[in-house]
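Look at the fold below. Then follow a short tour of its strands, its charged pairs and its pockets.

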Amino acid sequence: MALFTGSGVAIVTPYDNSLAQNINYDVFADLIEFQIENGTDAIVVAGTTGEASTQTDEEQVQLVKFCVDRVNGRVPVIAGAGSNDTAHGVQLTKDCAAAGADAILSVTPYYLKTSQAGLLAHYGAIADAVRETPIILYDVPGRTGMSINPQTLAELRKIDNIVALKDATGDLAKAVESRYYVGPDFDIYSGNDDTVVPLMSLGGQGVISVLANIVPKQVHEMTQYALNGEYAKATEIQTAFKPLIDILFSEPNPIPIKKAVSMLGFDAGSVRLPLVPAQEETVAALEAEMKRLKLI
């Protein structure tokens, strides 16, 4: 069985002020409830959109524990726990599993850009450390500088608790090749909001979405249409939100989505350095498009 089918939100981390010094857990609780009330099928905590790379391990683990406690089994909670240092990744994965995460999202080792043999060893060590916890591999070459080859993916899927892939490559030809190598029973989630329906047409189980932070109901509905084979209806939603998606990624994620969440009325605070708040033109474009869509 899939960890989840449909829409998993890569949830933002709200901070308490313009300096983003402390996590605002009151707002985080409100965001969690907003997601569940609007049909989100899973919550991914401390991922890229959650600004994990500028958080301490203690902050990440506490975020996971808080979310697990707040969700209380209503939807799966997936913890971002990747690292470019395998030993660090192993420990963080163990800590997030101990905090109650239902699964781990584990990014490829960034900056070092290891070989495919290195990927096998890296993920083998992480999987071995938490044998009872499912792991979703995270392939995002635009951020890490490397990618998981389809043949490597076929080897990794032989590890019992490596159960899925978040494909943020944007490469649909590669997605076809990956599906060929892993077969129909390995779960693949879109990691890009603008390729959800195309990837699901190749047997994908859903999306881990940035867009769902502000339109969780619509992203959930889009994925349900696709899962039911109603691709015309799914495509209608996919294309309707394409201009908004483009604005959300006009600056490095999560800069625009953090601003968009605040426009909905959630006091999400700022982003942490080296990220900086959205530029004026981005804010203006967001406001105009969200008004056009009657979101604000």
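## About the model

This is a predicted model, in which local features need pLDDT of at least 70, side-chain atom pairs count only at pLDDT 80 or more, and totals for chains, interfaces and linings use all residues. Residues are numbered from 1 along each chain as its sequence is written, and side-chain values use heavy atoms, with hydrogens and water left out.

Helices (H or I, at least four residues) and strands (E, at least two) are DSSP runs, numbered from the N terminus.

## Strand β7 and its partners

Strand β7 covers residues 187-190. β7 pairs with strand β6 (residues 162-167) in the parallel sense, over four bridges. Two strands pair if DSSP finds at least two bridges between them. Lysine 166 has tyrosine 189 of β7 as its bridge partner. From β6 the chain crosses through α7 to β7, and this β-α-β crossover is right-handed.

β7 also pairs with strand β8 (residues 206-209), again in the parallel sense, over two bridges. Here tyrosine 189 has glycine 206 of β8 as its bridge partner.

In a regular strand the side chains alternate between the two faces of the sheet. In β7, Asp187 and Tyr189 point one way, and Ile188 and Ser190 point the other way. All four are buried. Buried means under 20% relative accessible area, exposed means over 50%, and partly exposed lies in between (1.4 Å probe, protein chains only).

## Salt bridges

Side chains of opposite charge can pair when their charged atoms come close. The structure holds 13 salt bridges. Each is a side-chain nitrogen of Lys or Arg within 4 Å of a carboxyl oxygen of Asp or Glu.

Glutamate 33 bridges to arginine 70, with the closest N and O atoms 3.1 Å apart. Glutamate 33 lies in helix α1 (residues 25-37) and arginine 70 in helix α2, so the pair ties together parts that are 37 residues apart in sequence. Glutamate 33 is buried at 15% relative accessibility, while arginine 70 is partly exposed at 38%. Glu33, Arg70 and Arg74 are linked in a network of salt bridges.

Lysine 174 bridges to aspartate 139, and their closest N and O atoms are 3.1 Å apart. Lysine 174 sits in helix α7 (residues 172-182) and aspartate 139 in strand β5 (residues 135-139), so this pair ties together parts that are 35 residues apart in sequence. Lysine 174 is buried at 14%. Aspartate 139 is buried too, at 2%.

How much space lies in the largest pocket? About 620 Å³. Its lining has 27 residues, and the closest to the centre are Thr48, Ala52, Ser53, Val107 and Tyr110. On a 1 Å grid over the protein atoms alone, a pocket is an open set of points where a 1.4 Å probe fits, with protein on both sides within 12 Å along at least five of seven lines; lining residues have an atom within 4 Å of a point. Grid points are joined across faces, edges and corners, and a volume is the space filled by probe spheres set on the points.

The second largest pocket holds about 360 Å³. Its lining has 21 residues, and the closest to the centre are Val140, Arg143, Gly191, Asn192 and Phe249.

Terms used:
Right-handed = clockwise from strand over helix to strand, strands pointing away.
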